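The plan is to look up a handful of sites and write down what comes back.

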Amino acid sequence: MLPFSRRAVLGLLTAGLPVGVLTACQGSRNGLPSPPIYRNVVAENQLPGADDWRPGTGGSRSPDDRHRQIQGYCSATSVTHGQTLTFHVSVDTPQSCTVTIYRLGWYGGAGARHLVTSEPLSGRTHPVPAAEPDTGRIECQWPPLWRLTVPADWVPGLYLATFENEHGYRACTPFVVRDDRRSAALCVVVPFTTYQAYNIWPSDGSRGKSLYYGYSAAGASLDPTQRAFQVSYDRPYSGNGWPKLFDRDHDFVQWVERSGYDVTYASTEDLHAGRIDPARYRGLVFCGHDEYWSAEMRQAASQAVDRGLSLAFLTANNVYWQIRYAPATDGRAHRVVTCYKVDPDPEPGADGRRRTVRWRDLSPDGADAEQGLLGVQYNGIVARAQPLVVRASDHWFWAGTGLSDGDRIPRLVGGEADGRDPSMPVPDELNGTILSASPYPLRNGARLEQNTYLYETRRGAIVFDAGTLHWTLGLNRKGFRHQAIQIATSNLFNRMIAERGV
């Protein structure tokens with residue numbers, strides 16, 4: 001944690017203290033080397049943004065998986081300063097192309113800042129590999145086209161690499177720049193496992209596979225019986241490279257950086273691999289749809305709560321499937337996500353604990369259900385967006401919003417929903433509170449109830465579950481943005497930070 005409060009940092013910036021002086025004041029803590037000298041998030045977002053960074057903007061065109069005009073992927077979901085990231089790109093015909101790197105954030109509403117563009121590169125055409133027969137795994141082994149060593153002054157955050165060919169087609173892929181030595185108030189964990197689970201590259205009507213679907217032999221229809229049991233990070237994301245629901249995670253990033261919070265970033269693979277040190281943060285924020293969790297991720301989160309670290313899950317249907325990681329063919333760790341779901345798992349472990357099934361199905365009595373960590377759990381797909389109906393309006397979470405019990409926040413319950421299940425385990429909690437009770441329709445016409453939930457532990461941790469995929473839309477998205485959701489989320493983050501003495 002910085003030795004300044006957020007208010008103090010803002011005050012120093014307002015007073016005109018040079019950024020280099022401000023960051024240099026951090027010094028060495030706990031005997032560790034001083035962190036790299038770079039702008040903090042507040043100062044970073046004062047810099048000019050770019051207005052043409054998205055695929056399809058600035059005159060660019062979006063590629064597709066049938067023609068594969070240009071597509072690419074990178075060698076890791078996250079890197080830290082001084083590490084090298086390689087980018088692997090294919091074009092439809094040999095031609096010149098470039099790689100451009102942006103940092104995502106607020107930037108006055110632009111949403112990203114341009115950092116560097118490669119020299120013109122000689123793009124080549126590379127094949128779509130055949131799916132591995134037993135697992136459906138599609139793993140590209142394209143040679144690297146460009147290498148990037150992350151400079152020491154790049155601010156940790158969510159980054160986007162874009163690939164553009166000489167005909168103006170532009171694709172992209174995200175990655176995280178982290179700082180394993182720096183403390184921060186909050187660490188934002190980006191759900192790359194779930195991005196890859198939904199990735200059906202190539203979505204060309206015949207070859208693509210995700211953990212949900214493949215294509216039927218008879219035609220281009222999606223077929224769950226043809227799905228993969230393993231998906232590799234060594235392949236592009238489908239279409240223009242923007243992962244499913246990534247825009248909602250970007251909404252959160254814009255809001256949290258606009259709000260001036262002291263944040264750093266990591267990927268789900270970092271949580272799995274033990275690269276997230278809970279002692280450096282006051283809370284972990286799971287900003288996106290975080291459905292696919294390994295046993296190592298679950299254990300790390302549970303142990304963090306036991307030590308008093310707070311968790312905030314800002315969507316729904318989190319911690320739903322247990323997964324395992326496998327290495328890439330070249331031996332790089334954590335590059336393959338395995339999940340057999342309802343099919344027989346060939347590596348269940350001697351006690352069956354490695355089975356890649358729903359967490360709630362891992363034990364006959366449901367003892368491992370996600371509700372045991374989250375306080376609520378996934379209960380359905382919302383047929384049509386519904387209002388979030390406020391409950392416990394006198395709770396500190398809703399303070400300053402002006403809301404009363406029964407008030408309705410339009411369109412906030414959408415996509416998928418969580419709710420309290422009395423038949424499933426509950427956390428060892430204090431002050432557990434249902435913050436919303438929102439009826440919603442399923443596709444079959446039945447109705448269920450969505451619950452936003454929060455509980456506190458004896459060690460001072462707070463665990464929050466938004467219980468809807470629309471929460472981050474309420475923070476930033478035009479047509480969804482609601483001041484009460486912004487205030488309530490600030491109340492949550494401020495309390496998470498304050499609970500451990502900030």
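I am working from a predicted model.

**Entry 1: enclosed space**

The search of the whole structure gave four cavities of 30 Å³ or more. I took the largest cavity, which holds about 80 Å³ of space. Which elements supply at least two residues each of its lining? I found β1 (70-74), β9 (170-178) and α4 (192-198). The lining includes Tyr73 and Cys74, along with Thr173, Pro174, Phe192 and Gln196. Tyr233, Arg235, Tyr237 and Arg335 are also among the lining residues. I sorted the lining by class: seven nonpolar, three polar and two charged residues.

**Entry 2: open space**

Next I looked up the largest pocket. Its volume is about 500 Å³. I counted 21 lining residues. Which of them lie nearest the centre? They are Tyr198, Tyr212, Glu291, Ile381 and Glu416.

**Entry 3: cysteines**

I had noted Cys74 in the lining of the largest cavity, so I checked its sulfur, and the closest cysteine sulfur, in Cys172, is 11 Å away, too far for a bond. A disulfide would need the two sulfur atoms within 2.5 Å. Cys140 is in no disulfide either; the nearest cysteine sulfur to it belongs to Cys74, at 13 Å.

**Entry 4: Thr86**

I moved to Thr86, in strand β3 (residues 84-91). I read 15% relative accessibility for Thr86, so it counts as buried; the cut-off is under 20%. What does its side chain touch by polar contact? The partner is the side chain of His88, at 2.8 Å. I then left aside neighbours within four places in sequence. Thr86 is in contact with Tyr73, Cys74 and Ser75, and also with Pro144, Trp146 and Arg147. Tyr73 and Cys74 had already come up in the lining of the largest cavity.

**Entry 5: Thr57**

Thr57 sits in the loop between α3 (41-44) and β1. At 24% relative accessibility, I log Thr57 as partly exposed. Beyond its neighbours within four places in sequence, Thr57 is in contact with Asp52 and Arg170. I also took a C-alpha distance from Thr57 to Pro127. The two are 70 residues apart along the chain, and the separation is 28 Å.

**Entry 6: backbone checks**

Most residues other than glycine have a negative phi, and most peptide bonds are trans, so I looked for exceptions. Where is the cis peptide bond that I logged? It joins Trp201 and Pro202, with omega about -10°. Pro202 is in the loop between α4 and β11 (214-215).

Then I checked phi. Leu245 has a positive phi, near 65°. I placed Leu245 in the loop between β13 (230-232) and α5 (246-258). Arg411 also has a positive phi, about 65°, and is not a glycine. Arg411 belongs to strand β22 (residues 408-413). Its relative accessibility is 41%, so Arg411 counts as partly exposed.

Definitions and conventions
Residues are numbered from 1 along each chain as its sequence is written. Side-chain values use heavy atoms; hydrogens and water are left out. Helices (H or I, at least four residues) and strands (E, at least two) are DSSP runs, numbered from the N terminus. Buried means under 20% relative accessible area, exposed over 50%, partly exposed in between (1.4 Å probe, protein chains only). A polar contact is a pair of N or O atoms within 3.5 Å; within protein, one must be able to donate a hydrogen and the other to accept it, and residues adjacent in sequence count only if both atoms are side-chain atoms. Contact means heavy atoms within 4.5 Å. On a 1 Å grid over the protein atoms alone, a cavity is a set of points where a 1.4 Å probe fits but cannot get out, and a pocket is an open set with protein on both sides within 12 Å along at least five of seven lines; lining residues have an atom within 4 Å of a point. Grid points are joined across faces, edges and corners, and a volume is the space filled by probe spheres set on the points. Ala, Val, Leu, Ile, Met, Phe, Trp, Tyr, Cys and Pro count as nonpolar, Asp, Glu, Lys and Arg as charged, and the others, Gly among them, as polar.
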